[in-house]
Amino acid sequence: MDPVVQGLLNVLSPQYLLLMAVGTVAGAIVGALPGFTATMGLTLLLPFTFVMDTTSSLVLMSALHSSAFFGDAVPAILVATPGTPSAVATVIEGHQLTRKGKAHHALLTALLASALGALMGGVSLLTLAEPLARLSLRFGPPEVFWVGVLGLTMMASLTGRSLVKGLAGTALGLLLSTVGVAHVENVVRYAFGLPQLQGGVDLVVALIGFFTIPQVLAMVERRREERYVAEYREQRGALREVFRETLTKPLLLLRAGVVGIIVGIVPAIGGPVAALMAYNEAWRASKKKEEFGKGSIEGLIAPELANNAVGPADMIPTLTLGIPGSAPAAVIMAALLLHGVKPGAGLFTGASAIMTYTYIWSYVVSGFVMFVIGYFLIRLLAQVIRIPVSLLAPLVFTLAVIGSFAVRNNLFDVWMMLGFGFLGYGLRKLGFESGPIVLGLLLGPIIEPALVTSLTLAEARGSWLHVFVLRPFSLAFILLTVWSLVRGLRGWSLMQRTAVEAEDD
Amino acid sequence: MRGTWRGTVTAVLAAGLVLSLLWAAAGAPSAYPTRPITWLVAFAPGGQSDVEVRRVQPHLEKLLGVRILVEYRTGGGGAVGWSELARARPDGYTVGGLVMPHMVIQTLLRGAEAGYRLDQIRSIAWTVAAPNALMVRKDSPFRTLRDFVEYAKANPGKLAVGGVERLSPSDLSLAQFMQAAGIRLTYVPIAGGAGPVMTSLMGGHVDAATTAASHGIRYKDQVRILAVSGKHRLKAAPDVPTFSEFGYNVTVETSWGVGAPAGVPAEVVTRLSQALLQVMRMPEIRKAVEEEGLTPLYYGPAESQAYVNRLVATYRDLVQLLR
Amino acid sequence: MERHENGWMVNDALWGGLLMLAVAAVALWGAAHGTGGQVSVWLFPRLAAVSLALCGLMLVGQGVRAHTRVRIWQDRMHALDVLGFAGAVVAYVALLRTLGFWLVTGLLLGGTAHALGGGAKPGRVWGWLAFGIALGLALDALFVGVFRVPLPGGALWGEGSWRPWVP
C-alpha cells in the first residue's frame with residue numbers, strides 16, 4: 001500500500017491515538033507553564049523514547065510539539081503571561097478579552113486557531129515538503145537580514161499611542177539583545193564584569209519580566225476596584241459562536257497560516273516572530289482596527305494559528321535536509337539520529353517511508369486530538385479566574401519566579417526578570433508598550449548575525465549591491481518591508497484618528 | 001466559609017508532608033552512585049554535545065544504576081556551562097560534557113572573564129573526535145584540493161568559506177590551511193552552529209565550508225569533502241585525503257569528552273571513566289560513531305589529562321596566528 | 001511628580017525621553033570602552049543606541065513643549081499597594097536562597113492574601129500563613145519533584161535536603 005495512505009491509517013489506530021493523547025496532555029502542560037518550552041518538554045521526553053520504537057517516539061514527540069503551542073496560550077490569556085515565547089502576541093488581545101469577562105471564549109478561540117494551525121502546518125509538511133525545503137535553501141544570510149528588518153516594521157501594530165515611544169522601545173529591545181557574547185565574534189558585550197551576564201538576556205526571562213510582572217503589579221494596583229481579574233461568566237453556546245466567528249474568516253486564517261509556514265522554513269526565525277507577523281498582518285488587513293489592543297478576536301486567532309503552523313513547518317528542512325529549523329526540531333532530529341535514522345531523501349522512500357508518513361500525519365491529526373482534549377481542559381482552566389487577586393497575584397508571581405529560574409537554573413535570571421518587570425511596569429505607565437521592546441529583543445539576534453555574515457560575504461564578493469540587493473528573495477523582502485512600513489504607518493495613523501474621534505464623542 | 005476550606009486544604013497538605021517524610025526516612029545509602037547524576041551540556045539541545053550524551057545515556061544508566069539528568073547551560077560559547085561545572089560541588093553527582101578546543105579557546109581569549117579555569121575541571125574521559133573538513137557542493141567546479149588552492153592563488157580573497165563563528169575550530173583550521181598553502185580566503189563566520197553553515201553551503205551562499213567532518217558525512221549526497229584535518233583518513237570516507245597528504249599541516253579537530261569539578265574523589269573518576277569507556281566500546285556504539293564520521297577515542301583519566309595539556313600548548317600558539 | 005485631585009501626575013514624554021537618553025549614554029560608553037573585538041562588534045549596539053538617543057531627544061522635546069501629563073497612580077492608597085507588593089516581591093527574591101522556595105512562597109502567598117484580601121483581623125494572619133506554607137510546600141513538591149527544577153531548599157535548613165521529593 002502507498003506509504004502515505006498507510007501512514008494515515010497508522011496514525012488513526014488506537015495505539016497511536018493513545019500516544020498522541022498522552023503527548024498532547026504533556027505538551028499542553030509544558031506549554032502552559034511559563035518558563036518551560038516545547039524544547040524542554042521534548043528533552044525531558046527523550047530518555048523515555050529510548051525504550052520505544054522509532055515511530056512511537058516520533059508520534060509522541062509530534063503531539064507534544066504541537067500542543068505546546070496551544071498550551072502557551074492559556075496563561076497568556078488568563079494572566080497575561082506567555083507560556084512559551086511564541087505566545088507573546090496572544091497576550092495582547094487574549095488577556096484583554098479575559099478582562100472583559102470572555103476568558104472561556106478566548107480560550108476556545110485559541111484552541112480552535114491552534115488546531116487549525118497544526119492542521120495547516122501538517123498539510124504543508126505532507127504535500128509541499130520537497131519544494132519548500134528547496135526554497136528554504138535559497139534563504140541565505142542576506143535574506144534572513146531583510147526578513148528581520150521586515151519584522152521591525154511590525155512595530156507599527158504594537159506601538160499604541162506614540163510612534164516615537166514605539167521606536168524607542170524597539171531600539172531598547174535591540175540594545176538589550178546585544179548583552180552577552182556577541183553572536184558571531186567571541187567577544188562579550190555589556191557584561192559590566194558580571195560573569196552571569198555572559199549568557200546574555202534570555203528571551204523567556206525577558207518575556208516573563210516585561211509581560212507578567214507589569215500585569216501582576218497592575219492587578220495589585222486595581223485590587224480595590226477589581227477583586228477579581230474578571231467576572232467569571234459561564235457561557236452557553238460559546239463553542240458554536242467560536243466556530244462561527246473563526247471559520248467565517250477564511251482569508252484571515254489563510255494569511256496567518258502562510259505566515260507561519262514561511263517563517264517556519266526561513267532559517268533562524270521562529271515562532272514568536274511568526275506570531276507577531278501574523279498579528280501585524282491581521283491588524284493591517286482588518287476593517288476593525290480600533291478593536292486591536294482591546295480584545296480583538298482577529299488579533300487572537302492570527303498569532304495562535306501561526307505559531308502552531310510553525311511547528312510542523314520547522315520539520316520540513318529537518319526531515320528533508322537534516323537541518324533542524326528550530327530548537328524543538330533539533331531535539332527531534334537528535335532522537336531520529338539516536339534511533340539510527342538519517343534525515344534526507346531516504347526518509348520518504350523505502351523502509352522508513354511508512355514511519356515518516358505516520359509521523360507527518362500525526363501533525364495533521366494532532367489538531368483534532370488537541371481540540372478534543374483541549375476542550376475539556378479549558379473548562380477546568382478557565383476556573384483560574386475565580387481566584388481572587390489577593391491570592392492570584394502572588395501565585396502568578398511565584399510561577400514567574402519558577403519559570404525564570406527553570407530556564408538556566410540561575411538565580412540571576414530571576415533578578416533580571418524582576419528588574420525587567422519593574423522597568424516594564426514603569427515604562428508602561430509612561431506610555432511605552434512592552435510589545436516593541438520584546439520585538440527588538442527577538443529580532444536583534446536574528447538581524448545582527450545575518451548583517452555581520454552578509455557584510456563579510458560582501459567583502460569576498462567585492463560588492464555590497466550584489467550581496468544585499470541583487471538577489472531575488474532579498475529584493476522581494478525589501479519590497480515587502482517598504483510596503484509593510486507604508487501600510488503600517490497608514491494603519492497606525494488611521495487608528496489614531498478613530499481613537500481621537502471616539503474620545504471627542 | 002473561607003476559613004473551613006482553607007483549613008481543610010492546609011490539613012490535607014500537612015498530612016501529605018508528614019507521610020512523605022516518613023516514607024523517605026526508610027532508605028539506605030551505598031556506594032557511588034546512589035542518586036541521579038546531573039550532566040551539564042554546554043551547548044544547545046540537538047547539537048553534537050547533546051548527541052554524545054544521549055548516545056551513552058541509556059547504557060550508562062543501566063551500568064551505574066542511577067538516572068542521568070541532562071541539563072542545558074548554553075551561552076558564552078560553552079563558557080556558561082563550564083563555569084557552572086567548575087563551581088559545582090565535587091561530589092561526583094554533577095558532571096559535564098567537555099568540548100575541545102572550545103574549552104581552551106574560551107580561557108585563552110577571555111582569561112578570567114570566561115568564568116572558569118582549566119585547572120578547575122577534571123577531565124574524566126574523551127570519547128569521540130571529529131577532524132575538520134573543507135567541503136564544497138557536489139556541483140562545484142573544484143574536484144580536488146589542488147583545484148581549490150590553484151584558484152585561490154589566482155584570486156586572493158575571492159573565495160568565501162563559511163564556518164562556525166569566529167575563533168572556533170572552523171576558523172582556526174582554515175587559518176592553518178591558509179598559512180600552510182600560502183593562500184588568502186575570506187572566512188565568513190556564520191552564527192547558529194554547523195547547521196546554518198551547511199545550509200549556506202548547500203544553498204550556494206558561500207563557495208565552501210569548513211566544519212566538523214561529521215557534517216560532511218551526514219550530507220554526503222550534496223557535498224564533496226576536499227580534505228580532512230588530522231593524521232589519518234576517515235573510516236567513513238576512505239577516499240577523502242588528509243591535508244597533510246598535500247603537505248599542509250592542518251591539525252585542528254574537535255573532540256568531545258566528560259569532566260567533573262576538580263577535587264572530585266578518585267573513586268568517582270575511576271567508576272565513571274570505566275563505565276563510559278565500557279559503553280563506548282560496545283560494538284553498536286562504535287559502529288554508529290564511525291558511520292557518523294567520528295573517530296572514537298578511548299582516553300581514560302590519565303590520558304585525558306595529558307591530552308588536555310597537549311591541546312593547551314597547541315592552541316596557545318594557534319590563537320596567536322589569528323590575532 | 002505632582003499630586004493633583006486627579007492623582008499623581010508626571011510628564012511622561014520628558015521623563016521617558018530622559019530615561020532613553022540615559023540608557024543610550026550607558027550603551028555608547030560601554031561601546032567606547034568595550035573589550036577588544038573588531039569594529040563590527042560594536043556597530044550594531046551603537047546603531048541601536050544612537051536611534052534610542054534620537055528618540056529620547058524627540059521625547060524630551062515633546063515633553064518640554066507640550067507639557068504632556070500622564071497619571072501614574074490614582075492616590076496614595078493605590079501607590080502604596082503597588083509599592084508594598086513590589087517591596088515584598090524584592091524581599092522574596094532576596095531571601096529565596098536563604099529561606100528556601102517553599103518558605104518564601106508560603107510567606108508571600110499567605111501574607112499577600114491576608115494583606116490584600118480585605119480580612120485585616122489579627123487572628124486571621126496565622127490561618128493565612130499556614131495555608132500559604134502548605135501551598136508553598138505543595139508547589140515545591142510539584143516543581144522540584146515532578147518537573148525537576150532545582151529550586152533552592154533554604155540555606156538555613158540544610159539546602160532543603162530533608163524534602164522527601166528531592167530526586
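Tutor: Let us begin with accessibility: a residue counts as buried under 20% relative accessible area, as exposed over 50%, and as partly exposed in between. Please keep in mind that this is a predicted model. B:Arg117, with a relative accessible area of 49%, is therefore partly exposed.

Student: Which residue forms a salt bridge with B:Arg117?

Tutor: A salt bridge requires a side-chain nitrogen of Lys or Arg within 4 Å of a carboxyl oxygen of Asp or Glu. B:Asp119 meets this condition with B:Arg117, the closest N and O atoms being 3.1 Å apart. B:Asp119 has a relative accessible area of 53% and is exposed.

Student: How many salt bridges are found over all chains?

Tutor: A search of the whole structure gives 25. Salt bridges may also join into a network, as with A:Arg99, A:Arg222 and A:Glu226.

Student: Where do A:Glu130 and A:Arg134 lie?

Tutor: Both belong to helix α7 of chain A (residues 103–137), four residues apart, which is about one turn of the helix. A:Glu130 is partly exposed at 47% relative accessible area, and A:Arg134 is exposed at 53%. Helix α7 of chain A also holds A:Leu126. Leaving aside residues up to four places away in sequence, A:Leu126 touches A:Val4, A:Tyr357, A:Ile360 and A:Trp361.

Student: Are A:Arg408 and A:Asp413 buried or exposed?

Tutor: A:Arg408 has a relative accessible area of 8% and is buried; A:Asp413, at 0%, is buried too. Their side chains meet in a salt bridge with an N to O distance of 2.9 Å.

Student: Let us turn to the contact between chains. How many residues does it take from chain A and from chain C?

Tutor: Chain A contributes 56 residues and chain C contributes 62 residues. Between them the two chains bury about 5,300 Å², with 80% of this area on carbon and sulfur atoms.

Student: How many salt bridges and polar contacts are counted between chain A and chain C?

Tutor: There are three salt bridges and ten residue pairs in polar contact, both residues at pLDDT 80 or more. On the side of chain A that touches chain C, α18(A) provides the largest share, with twelve residues. By class, that side has 41 nonpolar, five polar and ten charged residues. One salt bridge is formed by C:Asp12 with A:Lys165, the closest N and O atoms being 2.6 Å apart.

Student: A contact surface may also be examined within one chain. Into which domains is chain B divided?

Tutor: Domain 1 comprises 37–129 + 254–322, and domain 2 comprises 131–246. Their centres, taken over C-alpha atoms, are separated by 26 Å. In this contact, 18 residues of domain 1 meet 15 residues of domain 2. The two domains of chain B bury about 1,400 Å² between them, 69% of it on carbon and sulfur atoms.

Student: How many salt bridges are counted between domain 1 and domain 2 of chain B?

Tutor: The count is one. The side chains of B:Glu290 and B:Lys235 meet in a salt bridge at 3.4 Å, N to O. α4 (102–110), α10 (283–291) and α11 (301–322) of chain B each supply at least two residues of the side of domain 1 that touches domain 2. Of these, α11(B) gives the most, with five residues. By class, this side of domain 1 has ten nonpolar, five polar and three charged residues.

Definitions and conventions
Residues numbered from 1 in each chain as written. Chains lettered and ligands numbered in written order. Predicted model: local features only at pLDDT ≥ 70, side-chain atom pairs only at ≥ 80, totals over all residues. Heavy atoms only, no water. Buried < 20%, exposed > 50% of the residue type's maximum accessible area, 1.4 Å probe, protein only. Contact = heavy atoms within 4.5 Å. Buried area = accessible area lost by both parts, 1.4 Å probe. Polar contact = N/O pair within 3.5 Å; in protein donor to acceptor, adjacent residues only side chain to side chain. Nonpolar A, V, L, I, M, F, W, Y, C, P; charged D, E, K, R; others polar. Domains from an automatic or database assignment.
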